[in-house]
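This report is written for a reader who wants to look at a few selected features of one protein chain alongside its coordinates. Please keep the structure open while reading.

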Amino acid sequence: MATYIVGYVIIYVSLVKLILGAEVFPRFKPYKINIKNVSGLFDYTQYQPFNMIEKELHKISKSQLKSVEAKLFSIGTTFENRSLWALKIEEKDTRKLKKNIVIDCGAHAREWLAPSTCMYIINKLTLEHPSLRNTKLIKRFNWIIIPVLNPDGYAYTWHNQSTRLWRKNRSFTEKQINFINEKNDELCIGVDINRNFDEEWGGVGAPANPCFEMYAGDKPFSEKESIALSNFLNTTINETLAYISLHAFGLSWMTPWGFKKQLPKSFNEMKRVAQIAVNAMKKLSGVKYSIGTSHDKLYPNSGSSIDWAHSKLHIPYTYLIEMLPGNNKTSSIDMSSFMPPPNMMVQNAKDILEGLSAMALSLLTPIRM
C-alpha cells in the first residue's frame, strides 16, 4: 500500500490579509487540514489533494460492482500535463439507450467544496448496495462526473498558506510572463476557465488583463481544460440532457444567461426543475437556495460553460450551482467563505446529492428550447 507523507497545512483566515492586504472578518474558525496520509485511504469526510482523488477514481473504476459500471476516462490533459478525469456511472448489462447528466466540479481552484462534493456523489452512486433512490437514478440516466476540471490550480492551492485562495489555472503565455516581469505579480499567471468559453467571450465580467482573477484568456478556448470539456460535450451532444457546473459559494441554483439580463427561452422549464431541487434540499436540511439567472443572482459574466452549452450545444438543462455557504450580508471582504470546515463540506454534499436527485427525476425529455 502506498504511503503519502506530504506534511501539514494549517488554513488560517488571516492569510487573506497576506494576499489581499485587506481587513477580513472571518465567518469560520481556523481549522487544520492533515495532508499527511499514512494509510493511503480516501476519507470522504475530509478535503483531499488531487493525487488522492486520482487514486480513488482508479480504485472505483476497478471495483467489481453487481449493478453499476464505473468507467474512468480522460477527456484531456492540462498545461502541467495532469489528466482531466471523468467517471461514467451507468447501469450494468443493459442495452437501454439513456440520456447523460454531466457534472463538473472545481473549475475554480480555491473552491475545494466542489471536488469533495463530486467525489461524495460518485461514492454514493457506486456503492455495492445503493439506496432505492440511487438505483432509480442509475436506471434512468448515465451520470458523467468530472471531479476536478482545474487540477493544476487545485494542486497549487495545496502548496502552502499563500496559495490557498488561487482561482485560475496555471497556464501562461509569453505575454503573461512579460506582465509578471513588469509588475512582479504572480497573479498575472493563469486563466479563469469559466470565462474562456466561446459565448460572448471577453464581454462583461471577463477582463482582458492577465493580472485579474477572472482573466478570460487571449482568445476563446485558449485553455486545454475548456477545450477538453467542449470537445467532450460536443461528442455527447445528442445524449446529454443536463449539464451542471458546481461552484462555491452563495446558495444559488442558476440558469443562463450570465452576459445579459434577458431570460433564455426555456427559463420557465429550467426554473420549474430547479424549484423542485431546492425544495428537496430545504426539506432535507433546511438550507435555502435562491433561483435565477447567473446574471441576476451572481453578477454579469461572459464566456461561461453553462451559457456556451445552452446556446451552442442546445443542452436543454444547464445550471451553475453556487453551494454553501450563503453570501455574507455585510460589506466586508469574506474570502473565508472559500474555506468552510469539513463538517460543512459533508452536509453540503448531502444537500447537493438530494437536489440533483430531485432534479434528475423531474427532467423532461425532450423539451423545446
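The text below takes up the disulfides, then a histidine and its surroundings, and then a pair of helices.

**Disulfides**

The model is a predicted one, and every value here is computed from its atoms. How many disulfides does the count come to? The count comes to 2 disulfides, and, with bonded cysteines counted along the chain, they follow the pattern 1-2, 3-4. In general terms, a disulfide is a covalent bond between the sulfur atoms of two cysteines. The two pairs are set out in the table.

| Pair | Sulfur-sulfur distance | Torsion about the S-S bond |
|---|---|---|
| C105 and C118 | 2.1 Å | 75 degrees |
| C188 and C211 | 1.9 Å | about 95 degrees |

The disulfide of C105 and C118 has its sulfur atoms 2.1 Å apart, and with 75 degrees about the S-S bond the link is right-handed. This pair joins distant parts of the chain, with C105 in strand 5 (residues 99-105) and C118 in helix 3 (residues 113-125), 13 residues apart. Is C105 buried or exposed? C105 has 0% relative accessibility and therefore counts as buried, the limit for that term being under 20%. C118 is likewise buried, with a relative accessible area of 0%.

The sulfur atoms of C188 and C211 lie 1.9 Å apart in the model, and the torsion about their S-S bond is about 95 degrees, so this disulfide is right-handed. Here too the pair links distant parts of the chain, since C188 and C211 both sit in the loop between helix 6 (174-183) and helix 7 (224-235), 23 residues apart. C188 counts as buried at 0% relative accessibility, and C211 is buried with a relative accessible area of 11%.

**H108 and its surroundings**

H108 is found in the loop between strand 5 and helix 3, and with a relative accessible area of 5% H108 is buried. Which residues does H108 touch, not counting residues up to four places away in sequence? On that basis H108 touches N150, R167, D192, N194 and H247. The side chain of H108 is joined to that of D192 by a polar contact of 2.7 Å, and the side chain of H108 also makes a polar contact with the side chain of H247, at 3.4 Å.

**Helix 4 and helix 11**

Two packed helices are described by the angle between their axes and the distance between the axes. For helix 4 (residues 132-140) and helix 11 (residues 342-360), the axes come within 10 Å and cross at roughly 50 degrees. That angle makes helix 4 oblique to helix 11, and helix 4 passes helix 11 in a left-handed crossing. Which residues meet where these helices are in contact? R133, L137 and R140 in helix 4 meet L353, E354, S357 and A360 in helix 11.

S357 lies in helix 11 and is buried, with a relative accessible area of 1%. Leaving out residues up to four places away in sequence, S357 touches R133 and L137. The C-alpha atoms of S357 and A280 are separated by 8.9 Å, although these residues are 77 residues apart along the chain.

Key:
Residues numbered from 1 in each chain as written. Predicted model: local features only at pLDDT ≥ 70, side-chain atom pairs only at ≥ 80, totals over all residues. Heavy atoms only, no water. Disulfide = S-S within 2.5 Å. Helix = DSSP H or I, 4+ residues; strand = E, 2+ residues; numbered from the N terminus. Buried < 20%, exposed > 50% of the residue type's maximum accessible area, 1.4 Å probe, protein only. Polar contact = N/O pair within 3.5 Å; in protein donor to acceptor, adjacent residues only side chain to side chain. Contact = heavy atoms within 4.5 Å. Axes fitted to C-alpha atoms, helices over the stretch in contact; angles between N-to-C directions. Parallel < 35°, antiparallel > 145°, perpendicular 65-115°, else oblique. Left-handed = near helix turned anticlockwise from the far one by under 90°.
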